[in-house]
Amino acid sequence: MSGERGSAVRLRALTGADAAWESGFWGGIRRRTHERTVPEMWDMLRDPAVSPGLTNFRIAAGWEAGEHTGPPFMDGDFYKWLEAAIAQLETTREPWLADVIAEVAQLIASTQRADGYLHTPTLIATRNRVDVTALADRFHFETYNLGHLITMGVRHHAVTGSDILLDVARRAAGFLEDLATNKPLELARSAICPSHYMAVIELYRATHDERWLRLAETFVRVRDDFSGGDDNQDRVPVREQTTVAGHAVRANYLYAGLADLVAETGDERLRAVLENLWTDVVSTKLAVTGGCGALYDGASPDGSPWQEQISRVHQAYGRAYQLPHTTAHNESCANIGMVLWSERMLALTGEPRYADVIEHVMLNSVLAGVGLDGTDYFYTNPLRQVRDLPYPLRRAGDTALHPVPDPPPSDARLRERYLSCFCCPPNTARTLARFHERAASVAADGLYVHQYGGSRLRATGPEDAVLALREQSDYPWNGTIRFEVTEARGSLPVHLRVPGWAVGATLAVGDEDPDAVPPGTYARRERAWRVGDVLTLELPMPVRILRGHRLAEELANQVAAQRGPLVYCVESADLPAGTPIESVALGRDVDLAPVDTEIAGQRVVALTGNVRLLPASGDDLYADLAEGAIETVSARLVPYFAWANRGPGEMSVWMPLVW
Ligand SMILES: [Zn+2]
């Protein structure tokens, strides 16, 4: 099935020139990303004592002698950092960054094999006269690396105008095309963490060469002809899938890529499948923080009635409502994958529920993946942290390829500056560096503003219509959001997202009386705009106390606090010394009030109020319920994204409910 290019896309992204986080909350995150995250990550990637990221390319190019080190997906992670750097260059045009990017682009191009293949472990082995075969093992992540190479190459061309990495991207896609045509089994077997669907469609959009759109369709045919497992979502043909199972990063990347395909082909059947799968995640499998892939080790227990067909799945979407706390996996890359998938569904449909989830995942789980200083990272994102676990929780790099260090690391379970499995940090960097692209988009019927937190936006429409807005707000800490018109020609309609939680929201233009605007919609205003016009959106932000679904056993009789888009947690640092985290309960009558405070020098709005302390539970697996008073103490809840910035304590999002 084919159609006019991009015919199914309802919303189109704004470029970096027309969307920026200029002030406020996201302006602060942008500054931190530019000043800390991207430069410090480069310092690590180029320092062979810390990371082999750059060195592997230097050895592959013959600039240095040596062996490949680090995980086989390190190339892809290096490209993700480069994508973040390119996004920063688009915004800042910093000369040092331009120089680094130009130099690295030359290096990458010089390593590519004539047939388009680029994978430094293989290239270095060949250079060292070791006999290796490409695509011999799916856990070599070659297609993952090539996908990120293509995506980065397309962005490099868009921002710098240089063809060097676009040509590399074309050759890499040509290699995948040859594989899909002549060795489909090899491709199907190795296509895990499938970044290459999104990649070849980006290449198609940049080059208008139909060949790359056909290639994405071929990827789907190859996958559908392959008899794989739920681990990689290839047990069932994609158009027959009804529930999300398996490795959460792989699932979210695949569905994001398929949504790109629908955007270009208008395949309604596939679109309906994706809407259904997305709803399955959001209504039965998403952590309250927006984390995806709840289980360290799952299976596909309901994928087949036959035990021999059940596959073990690492970092799995479990069964519906299976949502543990301490052992929640929620890899940062899976959460980012949910943003990638949701933004494509938003572009396809224009439905605000997708923008709601993007906001929720970004503010709660993606931001929790990086420390408040912007330089240390989580791989897993649990909903509870307790001490003295009788078993170790595996860390990011703990695989057969990267055994647990000897001596093993401490039980601090804090964010780390460098992870030997370095997929999440540069993924976080590129997601934050490009987040302005998700602030708003344009459709045939005007400007759609999806995210709030300090944007500057400019949209053009039919008959030379122009509308530019500047946001002034203290969102997400405060629900008053003002947009001032800074440039206007014609009467381009404006649509402001009213989040699903914003019951009682109002919108006013100028001095007019505010109108009620329903939650879970875009509020539309159309008029002959004049410079200086002001739109004021008021989103009421009472503290909400949430409960879980009746079948979510781990959430039974527990509640969590949310204010506006932010989910809160309780940490040891805000409790009387020595309080076990499991003792902290909320009363049915709990009254939590927002209060400005600081964590690690950063302003946040905490919630203060009285919490209950249940009697200590003791060490027996089962024991008689002890007599003991329930104490009331004053405590503070902090935004989940700001947790673990005050040393190794305990933390919980969910708390028992006391009536
Ligand atoms: Zn990751």
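Some housekeeping before that. Since the model is predicted, local features need pLDDT of at least 70 and side-chain atom pairs count only at pLDDT 80 or more, while totals for chains, interfaces and linings use all residues. Residues are numbered from 1 along each chain as its sequence is written, and side-chain values use heavy atoms, with hydrogens and water left out.

Let's start with the metal. Which protein donors does the zinc ion have? They are Glu331 (OE), Cys333 (SG), Cys423 (SG) and Cys424 (SG), at 1.9 to 2.3 Å from the ion. Donors here are N, O and S atoms within 2.8 Å of the metal (3.2 Å for Na, K and Ca), and water is not among the atoms, so sites may look incomplete. The angles among the four donor atoms run from 99 to 117°, and the site is tetrahedral; for four donors, that label asks that all angles lie between 85 and 135 degrees. Along the chain the spacing reads E-x1-C-x89-C-C. Distant parts of the chain are linked here: cysteine 333 sits in helix α13 (residues 332–349) and cysteine 424 in helix α15 (residues 424–433), 91 residues apart. Helices (H or I, at least four residues) and strands (E, at least two) are DSSP runs, numbered from the N terminus. Cysteine 333 and cysteine 424 are both buried, meaning under 20% relative accessible area, with exposed over 50% and partly exposed in between (1.4 Å probe, protein chains only).

Now to the sheet. Five strands make an open, mixed sheet in the order β1-β7-β8-β12-β15, where two strands pair if DSSP finds at least two bridges between them. At the edges are β1 (12–13) and β15 (521–525), each pairing on one side only. Helix α14 (residues 352–368) packs on this sheet, touching β12 (494–498) and β15, and its direction makes about 60° with that of β12. Contact means heavy atoms within 4.5 Å; axes are lines fitted to C-alpha atoms, for helices over the stretch in contact, with angles from 0 to 180 degrees between N-to-C directions. Inside the sheet, β7 (residues 440–443) and β8 (residues 446–449) run antiparallel with four bridges, and valine 442 stands opposite leucine 447.

Strands β13 and β14 form a hairpin with five residues between them, and glycine 510 in the turn has a positive phi of about 60°. Four bridges join β13 to β16 (residues 534–538), again antiparallel.

Next, the helices. Is threonine 33 buried or exposed? Threonine 33 is buried, at a relative accessible area of 0%. This threonine lies in helix α1 (residues 24–45), and, neighbours within four places aside, its contacts include Gln88, Ala429 and Leu432.

Finally, the cores. A nonpolar core is a set of buried Ala, Val, Leu, Ile, Met, Phe, Trp, Tyr and Cys residues joined through side-chain atoms within 4.5 Å. The largest has 216 residues, and Trp26, Ile108, Ile150, Trp341 and Val653 have the most contacts inside it. Helix α11 (residues 248–265) gives the most, twelve residues. Apart from this core lies another, of five residues, including Leu295 and Val313. As for tryptophan 341, its contacts beyond four places in sequence include Val244, Tyr255 and Trp278.

Conventions: Four donors count as tetrahedral if all angles lie between 85 and 135 degrees; four count as square planar and six as octahedral if opposite donors are over 155 degrees apart and all others between 65 and 115; anything else is irregular.
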